[in-house]
Amino acid sequence: MGRKFFVGGNWKCNGTTDEVKKIVSMLNEAEVPSEDDVDVVVSPPFVFLPIVKSLLRPDFSIAAQNCWVRKGGAFTGEVSAEMLVNLGIPWVILGHSERRLLLNESKEFVGDKVAYALSQGLKVIACVGETLEQRESGSTMAVVAAQTKAIADRVLNWSNIVLAYEPVWAIGTGKVATPAQAQEVHSELRKWLHENAGAEVAATTRIVYGGSVNGANCKELAAKPDVDGFLVGGASLKPEFIDIIKSSTIKKSSV
């Protein structure tokens, strides 16, 4: 298989300095599988990136939750890819459904962001996913394929992209896509990559699941052949994030 398991923790817009220090302490003390077996990336809000970077164990990486679509300048309130590189932040999350829906980021805008971030040397967790309406109308694959196409149209090299499938109806709602539902979309996404970006991209690109992942459901999801890890929301602020990281061992035993 050769796809290393990936677990991302998206802290979203949460935390105080003290809370952040506590979360980092919990992570630093945890016994988890080796970085040879799992990539762990945590994503604090912008203001906490330096403190997390200064305290976090060296085998875990850090992601920003967003960055601007091009070089910095007169863009009040934005943070550029160059700034993240300057801070030594290796990853960025782009196209999260909360930004697509609440801030009206179009798939083309997200595609432009992914291409620019990659051009500056960042690695990207690129999010795709459908709403409940779209799932119920049977257009799940059309939606996620169009979102993925907007990235594929602008990117040739996928080696620094992790694709995160996050069904919008499962984010923060407590509803989780069943392992079979997750596997179905991941498998279709991989087929789409095979047909549109090539066999190697399809075989090597990690497709992770996000949407109410927790310590109770992660093992069953991780056992699915096309689920290469997780992008975790609320649970990434809690001790169960460690259990989710440990679910990477399921893959080792099932290969």
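**Close-up 1. Proline 58 in the loop between α2 and β3.** Proline 58 sits in the loop that links α2 (49-55) with β3; helices (H or I, at least four residues) and strands (E, at least two) are DSSP runs, numbered from the N terminus. Is proline 58 buried or exposed? Proline 58 is exposed, with a relative accessible area of 82%; here buried means under 20% relative accessible area, exposed over 50%, and partly exposed in between (1.4 Å probe, protein chains only). Glutamate 35 is 23 residues away from proline 58 along the chain, and 9.9 Å separates their C-alpha atoms. As in every view here, this is a predicted model, in which local features need pLDDT of at least 70 and side-chain atom pairs count only at pLDDT 80 or more, while totals for chains, interfaces and linings use all residues. Residues are numbered from 1 along each chain as its sequence is written, and side-chain values use heavy atoms, with hydrogens and water left out.

**Close-up 2. Strand β1 and its two partners.** Take a look at strand β1 (residues 5-10), which is mostly covered, with six of its six residues buried. Phe5, Val7 and Gly9 point one way from β1, Phe6, Gly8 and Asn10 point the other way, and all are buried. β1 runs parallel to strand β2 (residues 38-43), and six bridges join the two; two strands pair if DSSP finds at least two bridges between them. Within this pairing, phenylalanine 6 has aspartate 39 of β2 as its bridge partner. Strand β8 (residues 229-232) also pairs with β1 in the parallel sense, over four bridges, and leucine 231 in β8 is the bridge partner of glycine 8.

**Close-up 3. From β1 over α1 to β2.** Together, β1, helix α1 (residues 17-29) and β2 form a right-handed β-α-β unit. A crossover is right-handed if, with the strands pointing away from the viewer, the path from the first strand over the helix to the second runs clockwise. Lysine 12 is found in the loop between β1 and α1. Although lysine 12 is not a glycine, its phi is positive, at about 55°.

**Close-up 4. Strand β4 between its covered faces.** Which residues cover the two sides of strand β4 (residues 91-94)? Trp91 and Ile93 lie on one side, Val92 and Leu94 on the other, and all are buried. Strand β3 (residues 60-64) runs parallel to β4 and is joined to it by two bridges, with valine 92 in β4 as the bridge partner of alanine 64. A right-handed β-α-β unit is made by β3, helix α3 (residues 81-87) and β4. Strand β5 (residues 123-128) pairs with β4 in the parallel sense over four bridges; there, lysine 123 of β5 is the bridge partner of tryptophan 91.

**Close-up 5. Helices α5 and α7.** Helix α5 (residues 107-119) packs on helix α7 (residues 140-152) at an angle of about 40°, with 8 Å between their axes. That angle makes α5 oblique to α7. Axes are lines fitted to C-alpha atoms, for helices over the stretch in contact, and angles run from 0 to 180 degrees between N-to-C directions; angles under 35 degrees count as roughly parallel, over 145 as roughly antiparallel, 65 to 115 as roughly perpendicular and the rest as oblique. Lys107, Glu108, Gly111 and Val114 of α5 meet Ala146, Gln147, Ala150 and Ile151 of α7, where contact means heavy atoms within 4.5 Å.

**Close-up 6. Helices α7 and α8.** On helix α8 (residues 179-196), α7 packs at an angle of about 40°, and their axes are 10 Å apart. α7 and α8 are therefore oblique to each other. On the α7 side, the contact includes Thr140, Met141, Val144 and Ala145, while α8 contributes Val185, Glu188, Leu189, Trp192 and Leu193.

**Close-up 7. Serine 97 in helix α4.** Serine 97 belongs to helix α4 (residues 97-102). This serine 97 is buried, with a relative accessible area of 9%. Leaving aside residues up to four places away in sequence, serine 97 touches Leu102, Val168 and Ile171.

Close-up 8. Four bridges join β7 to strand β6 (residues 161-165) in a parallel run, and tyrosine 165 has tyrosine 209 of β7 as its bridge partner. Serine 212 lies in the loop between β7 (206-209) and α10 (218-222), and its phi is positive, near 60°, in a residue other than glycine.
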